[in-house]
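Biologist: Before we use any terms for this protein, could we look at it together and ask what each term rests on?

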Amino acid sequence: MCAPKKAKRRQQQGEGGSSNVFSMFEQSQIQEYKEAFTIIDQNRDGIISKDDLRDVLATMGQLNVKNEELEAMVKEASGPINFTVFLTMFGEKLKGASTHLCADPEDGTGSIKKEFLEELLTTQCDRFTAEEMTNLWAAFPPDVAGNVDYKNICYVITHGEDKEE
């Protein structure tokens with residue numbers, strides 16, 4: 001009966017992380033997050049530190065990141081960022097994102113106003129260009145009320161279409 005001990009140890013190491021976090025993702029997604037974690041953990045000590053973030057950002061061309069910015073990134077976690085905490089943070093971000101994306105979280109339709117999604121995609125993080133937005137709406141046209149099926153968009157982005165016709 002090693003599995004319960006491992007899960008318990010994993011949860012304790014997670015510092016606020018949940019052992020359920022692994023059930024939130026498919027095995028292939030966990031593997032992708034593990035690969036990302038390994039890339040970010042530049043010194044390979046199993047913890048993402050401020051220095052790891054500085055080093056990985058430097059490899060991406062961001063050389064003048066302020067110490068305060070790095071500290072703010074690390075402080076998003078409740079403790080040392082091991083893989084379980086890293087995965088938990090993504091799980092929380094994804095849960096939060098899906099809550100914010102829902103036009104009406106109570107209705108459970110999985111649709112969102114086209115204008116709202118377009119604003120998010122063109123103003124946040126890796127901003128979409130006008131051409132990328134045109135391609136998105138061509139692939140996922142809004143309905144007559146101007147809503148788009150964001151659950152379908154998210155599924156295709158994370159899993160691919162997997163359609164054999």
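Modeller: Of the 165 residues of the chain, 27% count as buried, and please keep in mind from the start that this is a predicted model.

Biologist: What makes a residue count as buried?

Modeller: A residue is buried if its relative accessible area is under 20%, and 27% of the residues in this chain fall into that class. For the chain as a whole, the accessible surface comes to about 11,600 Å², and carbon and sulfur atoms own 53% of that area.

Biologist: How do you describe the fold in terms of helices and strands?

Modeller: The chain has eight helices and two strands, and along the sequence they follow the pattern α-α-α-α-α-β-α-α-β-α.

Biologist: Why is a group of residues called a nonpolar core?

Modeller: The name requires buried residues of kinds such as Ile, Leu and Phe, joined through side-chain atoms within 4.5 Å. The largest such core here has 19 residues, and I48, I81, F83, F86 and L87 are those with the most contacts inside it. Helices α2 (27–40), α3 (50–59) and α5 (83–101) each supply at least two residues of this core, and the largest share, five residues, comes from α5. Apart from this core lies another, of ten residues, including I112, L117, L136 and W137.

Biologist: Which residues does I48 touch, leaving aside those up to four places away in sequence?

Modeller: Contact means heavy atoms within 4.5 Å, and on that basis I48 touches F37, I40, D41, L53, I81 and F86.

Biologist: How do you know that α3 and α4 meet, and what kinds of residue make their contact?

Modeller: The axes of α3 and α4 (residues 67–74) come within 9 Å and cross at roughly 115 degrees, in a right-handed crossing. The contact is made by K50, L53, R54 and L57 of α3 together with N67, L70, E71, M73 and V74 of α4. Lys, Arg and Glu count as charged, and in this contact there are three charged residues beside five nonpolar and one polar.

Biologist: What can be said about the crossing of α6 and α7?

Modeller: The crossing of α6 and α7 is right-handed, and the axes of α6 (residues 114–123) and α7 (residues 130–139) come within 11 Å and cross at roughly 145 degrees. K114, L117, E118, L121 and T122 of α6 make the contact with M133, L136 and W137 of α7, and by class these are five nonpolar, one polar and two charged residues.

How values were computed: Residues numbered from 1 in each chain as written. Predicted model: local features only at pLDDT ≥ 70, side-chain atom pairs only at ≥ 80, totals over all residues. Heavy atoms only, no water. Buried < 20%, exposed > 50% of the residue type's maximum accessible area, 1.4 Å probe, protein only. Helix = DSSP H or I, 4+ residues; strand = E, 2+ residues; numbered from the N terminus. Axes fitted to C-alpha atoms, helices over the stretch in contact; angles between N-to-C directions. Left-handed = near helix turned anticlockwise from the far one by under 90°. Areas by Shrake-Rupley, 256 points an atom, 1.4 Å probe, with all protein chains shown as cover.
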